[in-house]
Amino acid sequence: MRLDLTEDQSFFQETARRFLEVEAPVSYARRLIDDPAGFDPAVYARAAELGWLAPLAPEDFGGGSVSGRGVADLAIVAEETGRTLFPGPLLESNLAAAAIARLGSDDQKARYLSDLVSGRITAALAWSSGEDGWPGPGAGVGADAGVSAEPSTDAGWRLSGVGQLVPYGSAVDLLVVAAILPSGVVGLFLVPADSTGVTSQKMETFDLSRPLSSIELASSDLPASALLGAGHSDGSELDRLLILASVLQCAETVGAMERCFEMTVDYAKARRAFGRPIGSFQAIKHRLADMVLWLEWSKAAVEAAVDAFDAGTGEAEAASVAKSVIGEHGPLLVRSAVQVHGGIGYTWEHDVHLFLRRVEANAFLYGSTDFHRSRLAGVVGFPVPS
Amino acid sequence: MSDTLSRPESLADYRLRAREWLAANVEPLPRRSDGTVIVPDRSQPSDAELAEARAQQLVLHAAGWAGITYPEEYGGQGLSLEHEAVWQEESAGYDVPTQIFAVSQNILGPTLVAFGTHEQKLRHVPRILDGREIWLQLLSEPSGGSDLAGLLTRADRDGASYILNGQKTWSTGAAHADFALCPARTRWDVPKHRGITMFMVDMHSPGMDIRPIRQINGGAEFCEEFLTDVTVSADRVLGEENEGWRVARGMLEIEHSWVGRSGGGGTRRPTGVAELVSLAASRQLAGDPGIQRRVAALHALARTHDLMSVRVSKGIEDGRLSAGLSGILKLGADIVWQRRAELGLDLAGAAALAWSPEDQHGEWARHYLTSRSASIAGGSDEIQRNNVGEVALGLPREPSFDRDVPFDQVPHN
């Protein structure tokens, strides 16, 4: 948690933590592992009542943030939900609302925003071809989005292709699909999940507490009004959205790391071997000290990325810095957590593997660690092909 | 009191004022062809360099650029850590005498401020800030560095004085220091932590024999000291008699926090990656995506460590985080430094194994060798991890064989 929260933000954070402890502890996520939707709409609706879908949406549609800094407020939610691996397309629906709020026409806003904010509908983002967890370098011209869009005969669009790694893709109402336009630029389309030609396949997933689907669009015909931000043709808006996604995901990862770390410290104090708590052995103690360092680095990286996004300067670099640091040290932390737990940490019943799965998976989604390091090459002064 | 009523200067204005003053008053440092600054190594200053540094420090102090976070009462500026960071950023490209006074002003001075009497502070702190006095710490002993409280140097009361005998080692810059904080054992019949007293010792005292130690990097900025009947007046105790461990712990926390925040003075621990990019280019490796990613990862980590240091230092300062977390500031800084040095050695490759005398690649060999001290000096990384584990996380200590035993019954080296 940040040390510089305002009073309102602290209240918002405490409310979130209490809600999750009561309504959706890790045991709740565990119960939903084999659930077809992967989340409970009733619990999701109560989360929406707490304002968790409002920070990036305009007030006209029920949106608004407690501090006036929407990304910072949403990062609080992401961190708290990371602590209990809260199931539900929360970040995805927030990102969809942010995209529509920023790029949408009046009709698109009127059609979707209030319902997204109130939790009546949910959304997911289908924008990855699977490689690097990102549509392509810069996500603009020449991006590899997996789906292509062609003008259809009735002045609409016909989308074909497959979007991979779509969180809750088989359960949401609205898909935000990244598709390559004839110009070569990636465009974002608002595709109701029940549109003709749209099918989803729920995949077997490494991360058990967040289902991923593969979305196939087989010559799916959409009206012209499905294209989001028709006036933006250079792909920079998609890039911005992806950066925002990676920042919020980093906040979620830090929450998961923090909770996993707390469990590990508690275990090291309680578990005894050779007549004393295992946390008294330097082999364990030093591991835990390293975990503190990795966690504090990760927290600082998220804070900087959130601040950069809210300030509107240097957000691309700060997000890639965070993904680089957290993509390296998050996995180190959860692997150590399993190790300190010993045999019990290798059992299905213990929660630590759920955190292991989430943190390792997040290191890949929204741009792999290597991918984000490559994005920083130009920043540190290497010649990069333009 | 009028200062508290006037509107505080914003950080941006402060930065501007620092920038203008530096440009008008200090020589810029030379730069390499790639624009990176060449920082002169003043770890073993000559007498002339020392005199020049002191003269320069007097000017800096008079202009208000010394003791930025020190209380105004003792010659400081009473400003925040952020102001200090701004000054460090702005002055990084200038020939200011940071290195010579680094330990004195960032570890010893703050320790005096925290534990000294008003008289002790008035007498020394202003002189530390304007460079008339250089202080160092005499902590490690040949019998052990990590087990600091197991020190063997003795101080025996003799009327209004103490007589110190023993040996210290690994002290930074002892050859040109004026005073030291030196813990010594005043009681032997109590457990080790309870019989130590912290003394303010004049390094020019009779009986103080200082000898340089040659290090693996070929340099000799560390010294060992032989104390033979060194007399210290009883009013030169910092804190109370037999309470020296508390002072030593406080001093170590100050040190770890500073090292983590600044990398230890900014001159000793370069963290930028511009030099690595130039090195990669000179070795025809700049287009290698794997190399690019390794350098980018280091950039990300170094930048994040700086941010984390500010976050955690402030958290400790306002009591929201455990002081035991100061260990991760140093631990992280050590990792960043060593990772940078290891990457430099990797990239330099053959050129760091053998180089012609006029070639710069020898820098990377020496930088690497110097970096090995990071995780040993100033409290080894293992000791930092113990502190983090025990103080910040509340993990139980390892069972020890000396903790509650009178020190004269403890076996030692």
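Biologist: How much of chain A counts as buried?
Modeller: Of its 386 residues, 58% count as buried. Keep in mind that this is a predicted model.

Biologist: OK, and what's the secondary structure of chain A?
Modeller: Chain A has eleven helices and ten strands.

Biologist: What radius of gyration does chain A have, and how does that fit a compact globule?
Modeller: The value is 21 Å. A compact globule with 386 residues would come out near 21 Å, so chain A agrees with that.

Biologist: What box do the C-alpha atoms fill?
Modeller: Along the principal axes, the C-alpha atoms of chain A take up roughly 80 × 50 × 40 Å.

Biologist: And the contacts, how many join residues at least 24 apart?
Modeller: In chain A, 73% of them, counting contacts between residues at least 6 apart in sequence.

Biologist: Switching to chain B. At what angle do helix α9 and helix α10 pack?
Modeller: In chain B, α9 (residues 289-317) and α10 (residues 326-348) pack at about 165°, and their axes are 10 Å apart.

Biologist: So is that roughly parallel or roughly antiparallel?
Modeller: Roughly antiparallel, because angles over 145 degrees count that way.

Biologist: Left-handed or right-handed crossing?
Modeller: α9(B) passes α10(B) in a left-handed crossing.

Biologist: Which residues make the contact?
Modeller: On α9(B), they include B:Ile291, B:Leu298, B:His305 and B:Ile316. On α10(B), B:Leu329, B:Gly332, B:Val336 and B:Arg340 are among them.

Note on methods:
Residues numbered from 1 in each chain as written. Chains lettered and ligands numbered in written order. Predicted model: local features only at pLDDT ≥ 70, side-chain atom pairs only at ≥ 80, totals over all residues. Helix = DSSP H or I, 4+ residues; strand = E, 2+ residues; numbered from the N terminus. Rg over C-alpha atoms; globule rule 2.2 N^0.38 Å. Buried ≥ 20, exposed ≤ 12 C-beta atoms within 10 Å, placed from the backbone. Contact = placed C-beta atoms within 7 Å. Axes fitted to C-alpha atoms, helices over the stretch in contact; angles between N-to-C directions. Parallel < 35°, antiparallel > 145°, perpendicular 65-115°, else oblique. Left-handed = near helix turned anticlockwise from the far one by under 90°.
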